Amino acid sequence: MNAVPDRDAFAPNPPKTLNVVDADRLDRDAQGRAAPAFFHCAIVALSAILQREALRFLGQRGRLLAALARPLVWLIVFAAGFRAALGLSITPPYQTYITYEIYITPGLVGMILLFNGMQSSLSLVYDREMGSMRLLLTAPLPRWWLLTCKLVAGSLISVLQAYVFLAVAAAWGVRFTPGGYLAALPAIMLGALMVGALGLVLSSFIRQLENFAGVMNFVIFPVFFLSSALYPLWKMAEASPHLRDICAVNPFTHAVELIRFALYAKLDPLGLAVTIAALAVFGAAAIWGYDPARGLAARKI
Amino acid sequence: MSGLVIESITHMWGAKQALEDVSFSVARGEFCALLGPNGAGKSTLFGLMTRLFTPRAGAISIAGHDLAREPHGALRHIGVVFQQPTVDLDLTVRRNLLYFAALHGLFGRRAEVRVMAVLERLGMAERSGERAEALNGGHRRRMEIARALMHCPSVLLLDEPTVGLDAAARVAIVDHVHRLAADDGLTVLWATHLVDEIRPPDRLVILHRGRVLAAGEAGEIGGTDLSERFIELTGAVS
């Protein structure tokens, strides 16, 4: 019934080392000092996931270029055109009249976070990434921790991209104080986590992703345009009070405002509260969506 | 200690019954083939055994650990090769394996030693520094098996691992996994729809439309021609 293969052709050398670790010993280890061992495994997994994201990011140089091209086109082309058309009055955190370039820079930082957050979270449901998602989810660690690792890794990449963009913007003439750049770090990270968590929620409900265009049309564009990223809310109110209300409840507006204030070393308490609350809600929804008893069960694997 | 025990597993996809009262067990060191046509429920069963999702009813025990009660204890004992590739093509073979090792809590020198051990075991030691992209289909599959063995699991689950391979690579992998069961005492569950991957002394479970049609020694179930018997069994209930 079966062909008899040449056994030696497959593994010509007998292995020198076989059982360096065995799962039972790990088990005994785990029973002996359950909490420290578990904590240790969780940290090892986190650093591996961070390292993998970093290596992948460095391996795909085009990704950084693509991520930068989008906001830079907006900053250099779009803002230049709008500068003349749009009058901005003095609203906090600004203390003087500002150019439109300065106004939209925090919004474009938000755009980077939004695109990268969606991309890295939704990569979980790309066809070619299905296997690596399974690998992640079958690791002997709690799901919420694995999702957190993935989220933190993607967010750190976003933060890196945001600062590269801020550096290029500075070269273009849009500058902030050193204190502002420093204060913006936690704000940008928080914003990145919030949109990344939203991406995780979507990835648990979307069956399979054919392409990124659908997400762009139905998630990224509405979230971005219905926010204070491009126009201040009072300007929106002039056009339509309803539009303004929609923008005001959009958590992305608050993430952008948090970053805007932070770039002037100021705190926007409402922005901070809403961004944290949205992160908590999206995070909980993602954990619920990925619960083995639910989430993936809704998706035919 | 039994390797793998599946007890009265029932699962639905919406209103569609995917698995109905599926029970069988595989002893330590045994090679068990899970044979079924496409759509028989093999992949659903793999999803349940690896806790990608949980069953509506029934229990799964892996190396004595109940998957529902102590999921992490059970998952630690499973090595799994999915149908989908899990390899990151941009990274080297070694990096890929180290990443997986870390997901199981292994790092540093212990992980490095283990990488070399599994690669040697699969005759791929000289490839550790190559980018995964440079490997051919057969080597990528072998690497998946090497990955699944990284944390010394006692139960190895393979979901149609020879899909897309040429005849020679297929024979080599089938033979190698048989040896892992015989020499290393691994419990192996090998899902396939190809009869020629099964040998007469193997344990065999035939799954069709979510039910177990037959379970026992392949030679006994198949008689002189397993292929014919398989078509007869699955044809009879369609």
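## Salt bridges

In this predicted model, Arg52(A), Arg56(A) and Asp88(B) are tied together in a network of salt bridges. A salt bridge here is a side-chain nitrogen of Lys or Arg within 4 Å of a carboxyl oxygen of Asp or Glu. Over all chains, the structure holds 18 of them. As background, side chains of opposite charge can pair when their charged atoms come close.

Some other pairs sit in chain B. Glu130(B) and Arg127(B) meet at 3.4 Å, N to O. Glu130(B) is partly exposed, at 29% relative accessible area, and Arg127(B) is partly exposed too, at 22%. (Buried means under 20% relative accessible area, exposed over 50%, partly exposed in between, with a 1.4 Å probe and protein chains only.) Glu133(B) and Arg131(B) form a salt bridge at 2.7 Å, N to O; the relative accessible area is 43% for Glu133(B) and 41% for Arg131(B), so each counts as partly exposed.

Then there's Arg179(B) with Asp175(B), at 3.9 Å, N to O. Both residues are buried. They are four residues apart in helix α6 of chain B, which means about one helical turn separates them.

## The four-stranded sheet of chain B

Chain B has an open sheet of four strands, ordered β2-β1-β4-β5, with antiparallel pairing. At its edges stand β2 (16-26) and β5 (65-66) of chain B; each has a single partner strand, so one side of each has no neighbour in the sheet. Helices (H or I, at least four residues) and strands (E, at least two) are DSSP runs, numbered from the N terminus, and two strands pair if DSSP finds at least two bridges between them.

Strand β4 (residues 57-62) of chain B and β5(B) are joined by two bridges in the antiparallel sense, and Ser61(B) sits opposite Asp66(B) in β5(B). Helix α1 (residues 42-49) of chain B lies across β1 (4-13), β2 and β4 of chain B, at about 115° to β1(B). Angles run from 0 to 180 degrees between N-to-C directions, using axes that are lines fitted to C-alpha atoms, for helices over the stretch in contact; contact means heavy atoms within 4.5 Å.

## The six-stranded sheet of chain B

The other open sheet takes six strands, in the order β6-β7-β8-β3-β9-β10 (chain B), and its pairing is mixed. Ignoring direction, neighbouring strands are turned by 15° against each other on average.

Strands β3 (residues 31-35) and β8 (residues 187-192) of chain B run parallel, with five bridges between them. Leu35(B) has Thr192(B) as its bridge partner in β8(B). Helix α6 (residues 167-184) of chain B packs on this sheet, touching β3, β7 (155-159) and β8 of chain B, and its direction makes about 155° with that of β8(B).

## Helix α5 of chain A

How far apart are the end C-alpha atoms of helix α5 (residues 100-122) of chain A? They are 32 Å apart, which agrees with the 33 Å that its 23 residues should span at 1.5 Å a residue; the expected span is 1.5 Å times one less than the number of residues.

α5(A) does bend, by about 30° at Pro106(A), taken as the angle between axes fitted to the seven residues ending there and the seven starting there. Of the 23 residues of α5(A), 22 are buried, so this helix is largely enclosed by the rest of the structure.

## Conventions

Residues are numbered from 1 along each chain as its sequence is written, with chains lettered from A and ligands numbered from 1 in the order in which they are written. Local features need pLDDT of at least 70 and side-chain atom pairs count only at pLDDT 80 or more, while totals for chains, interfaces and linings use all residues; side-chain values use heavy atoms, leaving out hydrogens and water.
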